[in-house]
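Subject: Handing over a structure for you to look through

Dear colleague,

Please find below the structure that I promised to pass on to you. Once you have had a look at it, read on for an account of what was found.

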Number of protein chains: 2
Amino acid sequence: MPRNAAALIIGNEILSGKIVDTNTTFLARTLFELGIELRRVVVCPDEVETIAQDLSALRSTHDLVFTSGGVGPTHDDVTIEGVAASFGRPVVRSEAVEKMIRQYYGDRATDAHFRMANMPEGAEMIRSSKAPWPTVVIDNVFVLPGVPEIFELKLVDLRKRLDQGQGFHSQAVYTLSGEGEIASLLQEIADAFPTVMVGSYVKWKAEDYRTKVTFDGYDSQAVTDAADMLVAKLDPAQFVRRD
Amino acid sequence: MPRNAAALIIGNEILSGKIVDTNTTFLARTLFELGIELRRVVVCPDEVETIAQDLSALRSTHDLVFTSGGVGPTHDDVTIEGVAASFGRPVVRSEAVEKMIRQYYGDRATDAHFRMANMPEGAEMIRSSKAPWPTVVIDNVFVLPGVPEIFELKLVDLRKRLDQGQGFHSQAVYTLSGEGEIASLLQEIADAFPTVMVGSYVKWKAEDYRTKVTFDGYDSQAVTDAADMLVAKLDPAQFVRRD
């Protein structure tokens, strides 16, 4: 069964432009490779109630939800509280993670560090091969940290768990035609192949093509047929390449 | 009066990871400079009904809403239809823009190109000094294109209209302390200065500091006092610099 997903990116630093969010793109590409359709991304501030409301809306309407950010030791790291509130569960402390934090920080460990051992009651803790702490998973929600290096490490580890062997098939056709010139042809192809997502991307800066047309779908034959249809109907002088 | 804002980023290409969204960061930084608090970003697919629903939710709860993407000539460019649906207005064609398109494309102009002259009935068209087409504005909603170069051009032009002379004041303190070690101090400062947003950013990769603490707010004295408090209470050996 095709699955869909949503992401909740948590952090004032993204909304103020201090930090550039790269996690959304990494997540989007990973999910695409796994054949999971990312339907929605919400960026919200570090506020317990906002996180809880957004998460409740997202997790009830998507198969999987990934959160990013707000799991560090400081006052504005309130994601765990927000997730717990969304599920109507108390926040409890994981003794296993507390122990890891004690080992990692030794005498320097503060109360703030131990906040990172908090989790919603009943959450699962997934150990990761390389990331320092486990990932909190509760129902269909994966709670990931905002630091890109750790976000990516954890997501790479989660791939095995998420992979159901159903990826998208993709093809691309590059043309010298502008989007406006082939728009009606693309509409025709999209109508003829309803299972194929047809996308078009204009190169604003100089390249050897003007428009890249992409075809994505679960049905590899339909994807190929849709790309074939474009190549067949395109003015041969406008065709650049296909991949 | 402080104003807040939301962004609706429209496009399957961002949700599939084919295109990296840079418009959100550019918008976030511009709004921050103008003292407008960006409270929420939603990324949604190219679907009329989804766009209409999201926009209705965002524009009723924020002072300003900026949309990005979905205003080109192809079948998946349905933002104008979505915006019109949100306002319950029909889509009409702007004769002025139609004329610009005819001048720009000449004989190559297709029906698809002329779709870019569509707008919700009653929308305002703001001419921009450098961007090829005007920007559609309706009520508190600014409809911007997804192509970053044009998005940025248009937003730079909109600054004058949006500027009410009320920027955020910002200061930063860099320290060798880890976030966990200063977390309770930051909490204390955040409590003492409720009008100041206190943020902390860990450098994951090597730098001359471990944590950057930021102070932002409309009240420049409070921002300075909050930064002063951190410097005063920080172990001097852990202080790196301030800016």
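Before the description starts, one term is needed: a contact means heavy atoms within 4.5 Å. Please keep in mind that this is a predicted model, in which local features need pLDDT of at least 70 and side-chain atom pairs count only at pLDDT 80 or more, while totals for chains, interfaces and linings use all residues. Residues are numbered from 1 along each chain as its sequence is written, chains are lettered from A and ligands numbered from 1 in the order in which they are written, and side-chain values use heavy atoms, with hydrogens and water left out.

Chain A as a whole

Chain A holds nine helices and 12 strands, where helices (H or I, at least four residues) and strands (E, at least two) are DSSP runs numbered from the N terminus. Its C-alpha trace spans about 70 × 35 × 30 Å along the principal axes. Of the 243 residues in chain A, 56% count as buried, a word that stands for under 20% relative accessible area, with exposed meaning over 50% and partly exposed in between (1.4 Å probe, protein chains only). Among the contacts in chain A with a separation of 6 or more, 71% are accounted for by residues 24 or more positions apart.

An open sheet of 12 strands, with mixed pairing, runs in the order S6(A)-S7(A)-S8(A)-S3(A)-S1(A)-S2(A)-S2(B)-S1(B)-S3(B)-S8(B)-S7(B)-S6(B); two strands pair if DSSP finds at least two bridges between them. Strand S6 (124–126) of chain A and strand S6 (124–126) of chain B stand at the edges with a single partner strand each, so one side of each has no neighbour in the sheet. From one strand to the next, the twist averages 20°.

How many bridges join S1 to S2 in chain A? Strand S1 (residues 3–10) and strand S2 (residues 36–44) of chain A run parallel and are joined by eight bridges, including those that link Leu8(A) with Val42(A) and Ile10(A) with Cys44(A). S2(A) also pairs with S2(B), in the antiparallel sense and over three bridges, and here Val43(A) has Val41(B) as its bridge partner. Seven of the nine residues of S2(A) are buried, so this strand is largely enclosed by the rest of the structure.

Helix H3 (residues 48–59) of chain B lies across S2 of chain A as well as strands S1, S2, S3 and S8 of chain B, and runs at about 170° to S1(B); such angles, from 0 to 180 degrees, are taken between N-to-C directions, with axes fitted to C-alpha atoms, for helices over the stretch in contact.

A sheet within chain B

Chain B also has an open sheet of four strands with antiparallel pairing, in the order S10-S11-S9-S12. Its edge strands are S10 (197–202) and S12 (239–242) of chain B, each of which pairs on one side only. Strand S9 (residues 169–175) of chain B pairs with S12(B) over three bridges in the antiparallel sense, and Tyr174(B) stands opposite Arg241(B) in S12(B). Helix H8 (residues 179–192) of chain B packs on this sheet, touching S9, S10 and S11 of chain B, and its direction makes about 170° with that of S10(B).

With best wishes
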